[in-house]
Amino acid sequence: MSNQVKSAAVIGAGAMGGGIAQVLSQAGIRVFLKDINEDFVSRGLANIKKMFDSRVAKEVLTREKADELFANITGTINYEDIDKDVDLIIEAASEVIDIKLDIFRTLDKHCGPNTILASNTSALSISQIASVTSRPERVLGIHFFNPAQAMKLVEVIPGVKTDKEVVQNIMDLCQNKLGKAPVKVKECPGFLVNRILFPYMNEALYVLQEGKFTPQEIDQKALEFGLPMGPLTLFDLTGVDICAHVVDFLYAEYGPRFKPAELLSVMMEEKVLGQKTGAGFYVHSKDRDKNAEKEVNPKLQELLKKANAKAKDACQSKADKFEVERIMMPMFNEVMYALQEDVVDAKDVDTAVAFGLGLKRGILSLAKERGLDACLSQLEKYQSELGEDTAQAERFRPAWMLKKLVRAQVHDFSVLESDCSKKEPVAAK
């Protein structure tokens with residue numbers, strides 16, 4: 001059914017919106033790119049042109065083909081310039097719910113009844129967004145990952161009223177026409193990838209806060225485990241402020257196991273935000289040799305001292321050697337929470353982790369190799385070290401789904417796969 005999408009619009013011409021527009025246009029889809037002023041639109045179109053120029057330089061596209069595909073995109077600042085019967089509109093505006101609700105109210109009035117309305121939100125409620133329209137059955141989430149033109153994973157998130165045919169249409173579009181790896185995810189705060197990523201990143205902060213291990217040691221262990229970059233490098237790249245916003249949101253929704261490390265609020269207060277401010281956990285400068293060893297921010301010890309003053313009653317791990325399991329187990333445990341809530345089919349988890357986080361071997365595959373009983377024991381060990389009955393120990397409280405599988409002597413996750421799921425996951429390369 002993906003051939004039904006022949007025209008689309010993207011609302012928001014920033015990095016994400018521009019990337020999505022480029023992906024759509026490269027698939028031969030006519031695209032309207034809208035933002036609130038001409039400067040934003042011009043900048044978005046210029047960035048898309050650079051993306052196509054890069055593909056020409058790499059000999060992925062000919063100059064003629066790149067120009068033809070770029071010509072598929074029309075920039076505008078007016079909703080009236082977007083065809084009323086456009087097949088699909090993807091909103092890629094700021095992650096502020098009131099802004100998104102205003103956009104969807106306007107889109108609902110402007111577009112014909114058959115237009116599918118989608119949000120690229122990474123965490124906000126699709127059902128709430130759909131509720132301000134007269135067509136909640138044609139509203140869903142299509143969460144691309146940054147940069148959209150390079151990342152293969154797309155989370156497809158139905159709202160409570162989204163029509164199943166609309167969901168399948170978008171799944172087909174993403175896989176067959178856009179060349180992506182779509183994973184269907186039940187709506188929940190953070191969806192799947194951000195929900196499982198942030199316990200891992202947050203735990204890295206707790207480890208660093210204890211003062212026994214350096215940022216390089218923590219990041220290096222993550223690299224050796226198979227991730228493309230360490231958690232503290234990822235904080236600096238993404239922006240400490242953006243990460244803090246997501247962790248605060250997940251903490252408000254899920255409770256104690258997402259309680260942010262005190263270091264995060266200290267870095268926010270001191271405006272030490274990563275690459276965007278020239279320093280985060282590491283020093284970032286334009287003239288720095290990219291091949292040189294990372295230099296730790298000289299202010300880090302001062303930041304750690306302030307964080308520990310805030311965390312007076314925090315328990316500390318007794319380990320003298322950093323175990324990568326300390327940061328990976330919260331990620332695995334959150335996957336188990338997601339599975340027990342039926343957020344995602346077990347067979348799709350490793351696809352999401354491979355294409356969304358770059359862990360090619362897959363978190364469930366690694367857990368199966370290690371043994372589910374060993375994973376449970378590891379979680380219980382960390383929980384005990386942190387006080388077991390304290391709020392801090394909640395970060396390692398094992399999901400009951402994991403306990404159930406171990407008690408039943410089940411050694412893999414095939415029992416959790418949906419019987420009605422017919423599509424095979426896209427294999428990681």
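The largest pocket of this predicted model is lined by 44 residues. Nearest its centre lie Met 16, Ser 122, Asn 146, Thr 238 and Ile 242. Several elements each give two or more residues to this lining: the helices H1 (15–26), H4 (97–110), H7 (193–209), H9 (231–238), H10 (240–254) and H14 (346–357), together with strand E6 (139–144). The space in the pocket amounts to about 1,400 Å³. Sorted by class, the lining residues comprise 26 nonpolar, 14 polar and four charged.

Pro 147 itself belongs to the loop between E6 and strand E7 (153–158). Strand E6, at one end of that loop, is among the elements that give two or more residues to the pocket lining.

Phe 191, which is not a glycine, has a positive phi, near 55°. This residue is found in the loop between strand E8 (181–184) and H7. Is Phe 191 buried or exposed? Its relative accessible area is 0%, and because buried means under 20%, Phe 191 counts as buried.

Lys 271 likewise is a residue other than glycine with a positive phi, here of about 55°. It is placed in the loop between helix H11 (262–269) and helix H12 (300–310). With a relative accessible area of 60%, Lys 271 is exposed, since the term applies to values over 50%. Phe 191 is thus buried, whereas Lys 271 is exposed.

Two packed helices are described by the angle between their axes and the distance between the axes. For H7 and helix H8 (residues 215–225), the angle is about 145° and the axes are 10 Å apart. The crossing of this pair is right-handed. On the side of H7, the contact is made by Tyr 200, Ala 204, Val 207 and Leu 208; on the side of H8, Pro 215, Ile 218 and Ala 222 take part. What classes of residue make up this contact of H7 with H8? Seven are nonpolar, with no polar and no charged residues. The lining of the largest pocket, in contrast, includes polar and charged residues beside its nonpolar ones.

Note on methods: Residues numbered from 1 in each chain as written. Predicted model: local features only at pLDDT ≥ 70, side-chain atom pairs only at ≥ 80, totals over all residues. Heavy atoms only, no water. 1 Å grid on protein atoms, 1.4 Å probe; cavity = no way out; pocket = protein on both sides within 12 Å on 5 of 7 lines; lining within 4 Å. Points joined across faces, edges and corners; volume = space filled by probe spheres on them. Helix = DSSP H or I, 4+ residues; strand = E, 2+ residues; numbered from the N terminus. Nonpolar A, V, L, I, M, F, W, Y, C, P; charged D, E, K, R; others polar. Buried < 20%, exposed > 50% of the residue type's maximum accessible area, 1.4 Å probe, protein only. Axes fitted to C-alpha atoms, helices over the stretch in contact; angles between N-to-C directions. Left-handed = near helix turned anticlockwise from the far one by under 90°. Contact = heavy atoms within 4.5 Å.
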